[in-house]
Amino acid sequence: MGMRFEGIDAKLSIAEEGEIKFYTYSPAEFSTGGKALLKSMPVFYNPIQEINRSLTLLAYRAFQNSKQQKNSEESFHILDSMAASGIRTLRLAKFLDKPFSITANDLNPLAIHLIRKNMELNHLSESIYLTNDDCLHLMTNSKVKREFFDIIDIDPFGTPNIFISPALHAIKKEGLLAITATDTPVLFGVGKNACIRKYNVFPLRSTFSKEVGLRVLLYYIAKHAHPLMRAIKPMLSVSFDHYIRVFVQIIKGEEAIRTNIQNTGYILWCAKCDWRGTTDLNILNVPHQCPNCGSKLDFGGPLWIGEIHEDKFVQELNEINLEVPKEVIPSKARIERTLQRISEEISFPLGYYDVHKICDKLQISVSSMKEIEDAIKSQGFNFARTHVEAHAIKSNIDIESLKAILIKLAQKST
Ligand SMILES: C[S@@+](CC[C@H](N)C(=O)[O-])C[C@H]1O[C@@H](n2cnc3c(N)ncnc32)[C@H](O)[C@@H]1O
Ligand SMILES: [Zn+2]
C-alpha cells in the first residue's frame, strides 16, 4: 500500500487545525487563485470548513452528554462516512469523551492511506476504524448486520440527497444525523428544475432564500424517514458561507410522524411587497393573491415550516464552546456569535426581512440596527437578528408597518 502512493505523498505538506497537525495536499496549490478548490486535489481538504468541523465537535459532545446522562457506560458509535483527510475524525477523537468509536470511511483509497498517516502522526489510533467503501454500501450493510450508529456524518461534494435514505436505515433509534449540502444555488431556488429533480420540492427564490434552503433539506430528510416509521427533530440548522449544515435527531413512532406532517407545508411570498405566509399541505387552502397588495403570490414547497433548532441543544453547545479554548475550537468567537443569534431566532416566525434589500427597493437610506430594533419594539412587535444574514431581522411585524418604520427613520436622519 505504501509504495503505491509514494509519488503522490511527495506533494503532501503539514497543516494544522484545532489541536491536530496533519498531512494534506496544499489547498493553495490545488485552488484557483487561492479560492475555489480544484477537483484535481487528490484528497479533499477545505480550510474554510473549519467552522463546520468545529461546530460538529461541539454538537457531538452535546449529543454525547445528553445520551451519557442516560447511560454512562454505553460506547458511542460514530460514522464519518466521507472522511477525506480524516481531519474531522481526528479532531473528534481528541475532543470527545470516552467511550466512543469512530468509523472513518472514504471511497477514495488515497484518502484511507492519508487518514492512516494522519492517525500515526497524531498518535491517535485507539477507537478509530478505517474502511474504504462506498458509504451507500457501508450504511446499507450496517443495517443488514444490525450494527447501527449513534451519529452519522454526511459531508459530500454537492447534494447529500442519495445518502439520506441509507443513513436513515443505519442510524440508531434516537441517533443524530449531521448533513452538509453545498449545492446552495439549488436549495436557494436559483435553478427551479434542479430543486424539483433533486429534492422533489418546488423551490422559492425569495428575499429569505437562505432559510428556505434549510427547510427544503429538512423536509427531504423527514420525507425519507417517514416510510421507516421514523421522524425528525431538527436540533440545529445553520447556513454558512457557501453551504448549509443540519443536525437532526431521529425519533421513532407514528405520533412523531404526525407532528412532522403538521410541520410540513408551503411558503407563500409576494415578490412585489415582500409579504410572506405559510399554509399546510392542503393545496385547496392556498391563496393565490397577496392579502397585502393583491399581486399574484409565489410559492415554495412542500417543505419544513416548523422550528429548525432545539433551544436546549443550542444552549448546551454554547456552554461547551465557552468552556473550550480557542486552540481547540479555532472559530470559537464566530461560533459564539452564531449560536447567540440562533438562540434569539428560536420561536420567531418563519423567514426574515433583509433590511438592506427593503431600503434599496424603497430607495431610502438604511438606519442603524439599534434604531430599527427600538422602533419595532416600541410598537409592541418582537425583534431578533438571524445568523443567516447580517442585514436581516426576524420579527412578527407585518411588512407595511416595517416599511413605515424604515421610511420614518430614514426621514429623521436627513
Ligand atoms: C467534501 S469531502 C469530505 C470532507 C471531510 N468530511 C472534511 O471534513 O474534511 C467528500 C469526500 O467524500 C468522498 N466520497 C464521495 N462519494 C463517496 C461515497 N459514495 N462513499 C464514501 N465516500 C465518498 C470523497 O472521496 C471525498 O473525500
Ligand atoms: Zn404583496
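A residue is termed buried if 20 or more other C-beta atoms lie within 10 Å of its own, exposed if 12 or fewer do, and partly exposed in between, with C-beta atoms placed from the backbone. By this criterion Met-229 is exposed, as 11 other C-beta atoms lie within 10 Å. The structure is a predicted model, in which local features need pLDDT of at least 70 and side-chain atom pairs count only at pLDDT 80 or more, while totals for chains, interfaces and linings use all residues. Residues are numbered from 1 along each chain as its sequence is written, and chains are lettered from A and ligands numbered from 1 in the order in which they are written.

The protein contains 15 helices and 15 strands; helices (H or I, at least four residues) and strands (E, at least two) are DSSP runs, numbered from the N terminus. For 414 residues, a compact globule would have a radius of gyration near 22 Å, and the 23 Å of the protein agrees with this. The radius is taken over C-alpha atoms, and the globule rule is 2.2 Å times the number of residues to the power 0.38. Along the principal axes, the C-alpha atoms fill a box of roughly 70 × 50 × 40 Å. Of the 414 residues, 44% are buried. Among contacts with a separation of 6 or more, 67% join residues 24 or more positions apart; two residues are in contact if their C-beta atoms, placed from the backbone, lie within 7 Å.

The domain assignment gives domain 1 (3-314) and domain 2 (354-414), with bounds that come from an automatic or database domain assignment. The centres of domain 1 and domain 2, taken over C-alpha atoms, are separated by 33 Å. Nine residues from domain 1 and eight residues from domain 2 form the contact. On the side of domain 1 that touches domain 2, the elements giving two or more residues are α9 and β8 (230-240). The residues of this side comprise three nonpolar, three polar and three charged. For these classes, Ala, Val, Leu, Ile, Met, Phe, Trp, Tyr, Cys and Pro count as nonpolar, Asp, Glu, Lys and Arg as charged, and the others, Gly among them, as polar.

Helix α9 (residues 209-225) has 17 residues and should span 24 Å at 1.5 Å a residue, in agreement with the 24 Å between its end C-alpha atoms. The expected span of a helix is 1.5 Å times one less than its number of residues. Because 16 of its 17 residues are buried, α9 is largely enclosed by the rest of the structure. Met-229 is placed in the loop between α9 and β8 and has a positive phi of about 65° although it is not a glycine.

Ligand 1 is surrounded by 21 residues, of which the closest are Met-82, Ala-84, Leu-107, Cys-135 and Asp-155; a residue is near a molecule or strand if its C-beta atom, placed from the backbone, lies within 6 Å of it. Two or more residues of this shell are given by each of α3 (87-95) and α5 (135-144). The shell around ligand 1 consists of 12 nonpolar, four polar and five charged residues.

Buried residues of α4 are Ala-111, Ile-112, His-113, Leu-114, Ile-115, Asn-118 and Met-119. These buried residues pack against β2 (20-25), α3, β4 (100-105) and β5 (128-131). His-123 follows α4 and is placed in the loop between α4 and β5. The phi of His-123 is near 50°, a positive value in a residue other than glycine. With 7 other C-beta atoms within 10 Å, His-123 is exposed.

Cis peptide bonds were also identified. One joins Lys-98 and Pro-99, with omega about 0°, and Pro-99 lies in the loop between α3 and β4. Another joins Gly-301 and Pro-302, with omega about -5°, and Pro-302 lies in strand β12 (residues 298-304).

Glu-400 counts as partly exposed, with 13 C-beta neighbours inside 10 Å. The C-alpha atoms of Glu-400 and Asn-292 are separated by 8.2 Å, although these residues are 108 residues apart along the chain.
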